[in-house]
Amino acid sequence: MAERRIVGLGGAGSTEEETRRLLAHVVGLADKPSPKVCVVPTAVGDDADSVLRLYGLLSEEARTCYLPFFPWPPDELRRFALDQDVIFVGGGNTANALAIWRVHGFDEILREAWEAGIVLTGWSAGMICWFEAGVTDSFGPQLEGMRDGLGFLAGSACPHYDGEELRRPVYTKLTAEGFPPGVAADDGVGVHFVGTELAEVVSVRDGASAYRVDADGEEPLPARVLG
């Protein structure tokens, strides 16, 4: 069986250079000289500007494409997805993206891609979606707990832990009240899972890290700073 890898990103770096380093690290996990990287912008309604911005941040060696769902996905959706080396899910409305994927069977295709060794990654919504649950603003500007993720990884996730003022207090309150425990990541931080186990935390910002969060509070995790 191929090694299954998911890298959840808490958010972009604080500078373009940091973000480029973060993305280069994730794409490098494909271990190919010219990896195929597919951007999935469903969470922002296939917004073209967000796709082009991400293209500009990826290395020139990457062979980029994007997967649209509007007005409909490509006929050969499964073949298209399984032909990639890295699938990157952008930020936006997590709940909407999940609903659209399920209508078209893309949730099962993503599981197949994961089991085939394709690197699954993304920030914000693209971090939350892989877990059973997460902290999201999918239902309005307020943050809420959502228990409707893909469930490839157990527990919950919270991106932007240091980047948005309410993320930390909302997540810690939710877990204290019985929400599934999980992992939080600061902006510029990646949580790298091999199989279903957290293998490494990487960061492009000094002092930024990830945390185990449960009913008893949070525990910082050691992070390797990417040079």
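What is the volume of the largest cavity? In this predicted model, the largest cavity has a volume of about 30 Å³, and the count of cavities of 30 Å³ or more comes to 1. Open pockets are also found, and the largest pocket has a volume of about 310 Å³, while about 160 Å³ of space lies in the second largest pocket.

**The cavity**

- The lining of the largest cavity is made by Gly92, Thr94, Ser124, Ala125, Ile128, Val135, Thr136, Asp137 and Arg167, and the elements that give two or more residues to this lining are α6 (125-128) and β6 (131-136).
- By residue class, the lining of the largest cavity divides into 3 nonpolar, 4 polar and 2 charged residues.
- Thr94, which is among the residues that line the largest cavity, is also one of the buried residues of helix α4.

**The largest pocket**

- The largest pocket is lined by 18 residues, and those nearest its centre are Ser50, Arg53, Leu54, Gly91 and Trp123.
- At least two residues of this lining are supplied by each of α1 (16-28), β2 and α2 (48-57), with the largest share, 5 residues, coming from α2.
- The lining of the largest pocket divides into 10 nonpolar, 6 polar and 2 charged residues.

**The second largest pocket**

- The second largest pocket, with about 160 Å³ of space, is lined by 14 residues, of which Ala154, Gly182, Phe193, Thr196 and Arg212 are the closest to its centre.
- Strands β8 (153-158), β9 (182-185), β11 (197-203) and β12 (210-214) each supply at least two residues of its lining, and the largest share, 4 residues, comes from β8.
- The residues that line the second largest pocket divide into 8 nonpolar, 4 polar and 2 charged.

- In helix α4 (residues 94-103), the buried residues are Thr94, Ala95, Ala97, Leu98, Ile100 and Trp101, and what covers them includes β2 (36-40), β4 (86-89), α5 (106-115), α6, β6 and β7 (144-146).
- An α-helix has 3.6 residues a turn, so residues three or four places apart point the same way.
- The N-terminal end of α4 is capped by Asn93, a side-chain oxygen of which lies 3.2 Å from the backbone nitrogen of Ala95.
- Just after α4, Gly105 takes a positive phi of about 75 degrees.

**Leu77**

- Not counting residues up to four places away in sequence, Leu77 touches Leu67, Phe69, His104, Phe106 and Ile109.

**His192**

- Leaving aside neighbours within four places in sequence, the contacts of His192 are with Arg5, Ile6, Val7, Leu29, Glu197, Leu198, Ala199 and Glu200.

Technical notes. Residues numbered from 1 in each chain as written. Predicted model: local features only at pLDDT ≥ 70, side-chain atom pairs only at ≥ 80, totals over all residues. Heavy atoms only, no water. 1 Å grid on protein atoms, 1.4 Å probe; cavity = no way out; pocket = protein on both sides within 12 Å on 5 of 7 lines; lining within 4 Å. Points joined across faces, edges and corners; volume = space filled by probe spheres on them. Nonpolar A, V, L, I, M, F, W, Y, C, P; charged D, E, K, R; others polar. Contact = heavy atoms within 4.5 Å. Buried < 20%, exposed > 50% of the residue type's maximum accessible area, 1.4 Å probe, protein only. Polar contact = N/O pair within 3.5 Å; in protein donor to acceptor, adjacent residues only side chain to side chain.
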